[in-house]
Amino acid sequence: MSATLSEKAFAKINLTLRVLGRRADGYHELESLVAFADVADTLTLEPGPADGLEVSGPFAGKSGPVDDNLVIKSLVELRRRIAGLKGGRFRLEKNLPVAAGVGGGSADGAAALRLLARANGIALDDSRLMAAAQAVGADVPVCMDSRPRIMRGIGEVLSEPVDLASIPAVLVNPGVALVTREVFGKFKSAHASPGLAGVPTKTGALIELLKQQDNDLTDAATACAPVVGEVLATLRSAPGSALARMSGSGATCFALFGSREQAGAAAQQLAGEHRNWWVQPAAIEAVPGKT
């Protein structure tokens with residue numbers, strides 16, 4: 001029996017998100033500084049002849065049908081490109097909220113591709129892996145190595161990794177699922193903000209850059225779910241909060257702090273005051289899980 005393999009699927013955080021326009025095919029061109037937090041789903045693979053997926057964890061009940069899960073779609077897409085690909089039994093511990101703007105499903109799909117590569121002796125820079133990632137979903141390519149990057153196009157144009165310092169943060173989801181398509185349906189206009197020509201690696205300079213940016217989908221997400229505005233206001237007023245913003249198409253929001261102690265204290269206070277919110281202290285890191 002082959003040994004069980006394991007990968008973390010880290011939460012994707014859109015530190016910035018600009019909507020640059022709509023393409024003829026209906027998709028929107030974006031520019032986003034994407035980073036990853038050290039909170040994650042866990043995906044394991046027991047290689048073998050029988051394929052399958054079992055989902056557990058606090059958000060398993062909201063994960064939807066197994067056949068629609070991006071883990072299974074990743075297996076299907078990679079099999080289309082690699083004849084004789086060995087699969088097996090996947091087990092997903094779903095710790096990240098669903099339809100939440102932190103790319104949980106996309107990170108799971110990327111983790112599945114990494115596991116399949118390991119099980120089949122495929123190099124992680126094999127072009128067939130990235131082709132499968134692009135076919136599975138727009139956010140899957142940037143989740144393949146969980147490194148901070150500037151993401152452009154509809155997610156397929158990625159910069160070289162950005163070497164960010166570790167930034168303490170608090171992630172908050174108010175328990176509302178937002179469908180990306182519906183948020184874009186409410187989108188009216190972008191905010192005036194400069195493009196991302198370069199990204200400072202030092203925390204202070206990075207936060208100053210982020211203050212010049214925004215998430216252009218915030219107003220649209222708030223129109224779909226007014227509680228997003230409440231979460232942002234709460235995070236902005238937290239002691240030590242240097243910046244608060246929504247990630248992706250919401251409804252998860254985050255705040256950046258000067259220290260882990262400040263982030264931990266803020267998370268404890270928020271969790272006590274809003275027991276129906278998912279509140280998680282975290283660190284946004286260049287290589288999550290390594291520190």
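Start by selecting Ala-251, which sits in the loop between β9 (241–246) and β10 (253–257); helices (H or I, at least four residues) and strands (E, at least two) are DSSP runs, numbered from the N terminus. Look at the peptide bond that leads from Gly-250 to Ala-251: it is cis, with omega near 10°. Most peptide bonds are trans, and most residues other than glycine have a negative phi.

Before moving on, keep in mind that this is a predicted model, in which local features need pLDDT of at least 70, side-chain atom pairs count only at pLDDT 80 or more, and totals for chains, interfaces and linings use all residues. Residues are numbered from 1 along each chain as its sequence is written, and side-chain values use heavy atoms, with hydrogens and water left out.

**Two positive phi values**

Next, select Ala-99 in the loop between β5 (88–93) and α2 (104–120). Its phi is near 50°, a positive value in a residue other than glycine. Is Ala-99 buried or partly exposed? Ala-99 is partly exposed, with a relative accessible area of 37%. Here buried means under 20% relative accessible area, exposed over 50%, and partly exposed in between (1.4 Å probe, protein chains only).

Now jump to Ser-146, in the loop between α4 (140–143) and β6. Ser-146 also has a positive phi, near 55°. With a relative accessible area of 7%, Ser-146 is buried.

**Along the loop and into β6**

Stay in the loop between α4 and β6 and select Pro-148. Pro-148 counts as buried, at 0% relative accessibility.

Go on to Arg-149, in strand β6 (residues 149–153). Arg-149 is buried, with a relative accessible area of 13%. Show its side chain and that of Asp-145 to find a polar contact of 2.5 Å. A polar contact is a pair of N or O atoms within 3.5 Å; within protein, one must be able to donate a hydrogen and the other to accept it, and residues adjacent in sequence count only if both atoms are side-chain atoms. Leaving aside neighbours within four places in sequence, Arg-149 is in contact with residues including Ser-32, Val-142, Leu-158 and Pro-161.

**Over to β3**

Select Thr-42 in strand β3 (residues 28–47). Thr-42 counts as buried, at 14% relative accessibility. Which side chain makes a polar contact with the side chain of Thr-42? The partner is Lys-8, at 2.9 Å. Beyond four places in sequence, Thr-42 also touches other residues, among them Ser-6, Arg-91 and Asn-95.

**Zoom out**

Finally, show the whole protein chain, with its 9 helices and 11 strands. The radius of gyration is 18 Å, close to the 19 Å that the globule rule gives for 291 residues, so the chain is as compact as a globular protein of that length. This radius is taken over C-alpha atoms, and the globule rule is 2.2 Å times the number of residues to the power 0.38. The C-alpha atoms fill a box of roughly 55 × 45 × 35 Å, taken along the principal axes. Colour by burial, and buried residues make up 54% of the 291 residues.

How values were computed. Contact = heavy atoms within 4.5 Å.
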